[in-house]
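User: Please go through this structure with me in short questions and answers.

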Amino acid sequence: MAETSETAEPRGRASQPGEPLGVSTDHKYVSSSQVLPLDKALEVINALPGGGITLTRVEEALNWGRAASVWPLTFGLACCAIEMMQAYASRFDMDRMGILPRATPRQADCIIVAGRATIKIAPIVRRLWEQMPEPKYVISMGSCATCGGPFYYDNYSILKGIDQVIPVDVYVPGCPPRPEALIEGFLKLQDKIKKEPFLRRRIAKAAAARS
């Protein structure tokens, strides 16, 4: 039998003077979200065992920091360097991704081979790469740096790919590639850095040198 209006449980009551309109302070008629406000949730989380601790591996934390602070060398060879400069400029602004150009190989960890590389310039590119500290990375920007481009058949002085001189991590195709393509190349490089066994590799190398 249904309850009459006299015995049914009231679903709410009018706000008293001094209370916010429509909000009751009587715990009998308030919802759970009003009993536990959001600004108190942090106190509850910190009171739980391990609530204030973020668990991760040391290697993942180091790789996250390295991927978010790639410092490429300010080094351009030909027309692709114009697109590289545009990627650093205000419209695309690669600084917001943690990509900061450095003017010396001693402080850089990435080199962008932007443009065609002649056989005469190849030893200088190799020297700059060797002066960079480990770990270091190489981005081949454009068709000329990747495979010689339109100069592959008809020019004896163009290197048929910069990977004949230094190891390449990311290839950015195009003639010339737009700044968006270079940014995509940096995103691929950052993904590679995040998955790299950097710390374990250094420990294994030190153990091999000690034995």
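Predicted model: local features only at pLDDT ≥ 70, side-chain atom pairs only at ≥ 80, totals over all residues.

User: Which pattern does the protein chain follow, read along the sequence?

Analyst: The secondary structure comes to eight helices and four strands. Read along the sequence, the pattern is α-α-α-β-α-β-α-β-α-β-α-α.

User: How many disulfides does a search of the whole structure find?

Analyst: A disulfide needs two cysteine sulfur atoms within 2.5 Å. For Cys144, the nearest cysteine sulfur is that of Cys175, 5.2 Å away, and Cys144 is in no disulfide. Cys175 is likewise in no disulfide. The search of the whole structure finds zero.

User: Is Cys175 buried or exposed?

Analyst: Exposed means over 50% relative accessible area, buried under 20%. Cys144, at 10%, is buried. Cys175 has 57% relative accessibility, so Cys175 counts as exposed.

User: Within what arc do the buried residues of helix 3 fall, seen down its axis?

Analyst: Helix 3 covers residues 58-67, and its buried residues are Glu59, Asn63, Arg66 and Ala67. An α-helix has 3.6 residues a turn, so residues three or four places apart point the same way. The buried residues of helix 3 line one face of the helix, because they fall within an arc of 95°.

User: Which exposed residues does the face of helix 3 turned away from its buried side carry?

Analyst: The buried residues of helix 3 pack against strand 3 (137-141), helix 7 (179-194) and helix 8 (198-210). The face turned away from that buried side carries the exposed residues Val58 and Trp64.

Notes
Residues numbered from 1 in each chain as written. Heavy atoms only, no water. Buried < 20%, exposed > 50% of the residue type's maximum accessible area, 1.4 Å probe, protein only. Helix = DSSP H or I, 4+ residues; strand = E, 2+ residues; numbered from the N terminus. Arc of directions from axis to C-beta. Contact = heavy atoms within 4.5 Å.
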